[in-house]
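Thanks, everyone. Please have the structure open.

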Amino acid sequence: MTLNNAQALDPSLLAASADSAQSLPQSLSNFDRDVYCILGLPFDRVSLEQAGGIMRNAAAAGRRCFLSTPNLNFAVACMDDAAFRNSVIQSDLSIADGMPLVWIAKAQGLPIRERVAGSSLFQALRERKAGASERQMRVYFFGGPPGVAEAAAERLNAEPSAMRSVGFASPGFGTIEQMSDADTINRINDSGADFLVVALGAKKGQAWIQHNLKQLKAPLVSHLGAVVNFVAGTVSRAPVWAQKTGLEWLWRIKEEPKLWRRYWDDGVALLNLLAWRVLPCAWESRRRRPAATDYEEAGMQCRRDRGDCELLLSGAIGAPNIAKLRQVLKQAAAADEPVVVDCAKVSHIDGAALASLMLLYGDCVARGRPWAVINPGAPLRRQFALHCADYLLQPLA
């Protein structure tokens with residue numbers, strides 16, 4: 001049975017006001033997520049254990065969970081690629097898969113303290129001790145170099161664990177459309193997989209998932225390129241000490257020398273971002289920290305008027321009053337009119353508020369709803385820019 005939109009949604013979306021309850025299933029986003037903006041992307045504040053619980057619960061309930069695992073390379077690439085960026089914004093769970101992201105979060109005072117690598121999450125699900133009544137999680141490997149997906153499937157099934165492979169495919173190097181034919185999708189669906197692991201390269205993998213997500217039956221879907229190699233044993237993963245100290249890149253270069261250029265470019269990009277975005281953002285956040293009363297007196301209203309869905313915001317918007325913002329965003333997501341966010345009276349916006357706004361923005365992109373942020377003053381524009389979120393200021397027709 002193919003999941004429809006109502007089945008795929010997190011039940012917490014249905015807990016909004018009675019006035020909008022009937023319309024909420026139109027939304028594709030869960031605005032109750034505890035998300036924060038890092039380098040222009042929303043990241044969930046979750047531990048490895050919590051992320052595993054979310055994945056297991058979604059699989060058990062047959063509820064869609066599209067997992068994205070941005071690292072520094074991912075985040076940098078998203079700055080120049082709107083489609084790639086939107087794939088992260090529109091995912092159901094976004095985890096910080098890189099120590100540089102955790103360091104940036106710490107510098108900016110964000111409560112994301114733990115790196116949750118996609119490969120660590122997969123391994124945790126694999127090694128979990130399931131109860132006697134629980135069945136193994138069924139995994140399908142899609143992608144990777146020739147023969148690697150098959151080797152991963154065989155090795156996974158040869159070792160006792162909480163997972164078993166129910167299929168694999170190595171589609172080669174064709175276009176997304178060529179890799180999305182009916183036979184390919186039917187084989188994946190007919191396997192009965194709970195977890196579809198894609199390995200096509202980050203951009204191509206995210207694009208393939210989005211292109212086929214509505215047709216795929218597997219509740220859990222994620223691009224985890226390195227996982228297929230790790231499971232197959234063709235590449236060994238870095239020791240835990242290297243993962244925790246941010247030196248995994250050295251191990252990866254040892255295992256795959258061709259990666260040196262990517263890590264060099266990432267290092268240069270990181271230094272540039274630290275100098276022009278991260279450190280100035282951290283400095284301004286501390287220097288111009290709003291008073292508690294600024295958050296208490298902030299205004300947030302969703303008004304449907306003159307053919308638009310207007311979000312009227314004022315004062316300081318951020319983590320201290322994020323619950324109020326989430327309710328307003330839910331109301332906006334329940335409508336069909338173009339979204340207009342009026343920031344004329346907003347004095348401050350932080351990473352929590354920006355990340356939640358990104359969820360509404362992603363929802364508008366997915367549904368083809370026009371979007372516009374109007375009347376932001378120069379200081380507010382600077383706050384958007386320092387968070388690498390100035391794309392939100394660009395209107396969507």
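This is a predicted model. I'll start with helix α7, residues 148-158, and helix α10, residues 225-232, whose axes come within 7 Å of each other and cross at roughly 55°. The two are therefore oblique to each other, and their crossing is left-handed. On the α7 side the contact has Val 148, Ala 149, Ala 151, Ala 152, Arg 155 and Leu 156. They meet Val 228, Asn 229, Phe 230, Val 231 and Ala 232 in α10. By class, that contact has nine nonpolar residues, one polar and one charged.

Next pair: helix α13, residues 260-287, and helix α17, residues 378-386. Here the axes come within 9 Å and cross at roughly 130°. α13 and α17 are therefore oblique to each other as well. α13 brings Trp 276, Arg 277, Pro 280, Cys 281 and Glu 284 to the contact, and α17 brings Arg 382, Ala 385 and Leu 386. That gives five nonpolar residues, three charged and no polar ones.

Now the cores. Which residues touch the most other members of the largest nonpolar core? They are Ile 38, Leu 39, Leu 360, Trp 371 and Leu 392, in a core of 62 residues. Helix α16, residues 351-367, supplies the largest share of this core, ten residues. There is also a second, separate core of 31 residues, which includes Val 139, Val 148, Leu 220 and Ala 232.

Leaving out residues up to four places away in sequence, Leu 39 touches Leu 72, Ala 75, Met 79, Leu 101, Ile 104, Leu 273, Val 278, His 387 and Cys 388.

Technical notes:
Residues are numbered from 1 along each chain as its sequence is written. This is a predicted model: local features need pLDDT of at least 70, side-chain atom pairs count only at pLDDT 80 or more; totals for chains, interfaces and linings use all residues. Side-chain values use heavy atoms; hydrogens and water are left out. Axes are lines fitted to C-alpha atoms, for helices over the stretch in contact, and angles run from 0 to 180 degrees between N-to-C directions. Helices (H or I, at least four residues) and strands (E, at least two) are DSSP runs, numbered from the N terminus. Angles under 35 degrees count as roughly parallel, over 145 as roughly antiparallel, 65 to 115 as roughly perpendicular and the rest as oblique. Contact means heavy atoms within 4.5 Å. Ala, Val, Leu, Ile, Met, Phe, Trp, Tyr, Cys and Pro count as nonpolar, Asp, Glu, Lys and Arg as charged, and the others, Gly among them, as polar. A crossing is left-handed if the near helix is turned anticlockwise from the far one by less than a right angle, and right-handed if clockwise. A nonpolar core is a set of buried Ala, Val, Leu, Ile, Met, Phe, Trp, Tyr and Cys residues joined through side-chain atoms within 4.5 Å. Buried means under 20% relative accessible area, exposed over 50%, partly exposed in between (1.4 Å probe, protein chains only).
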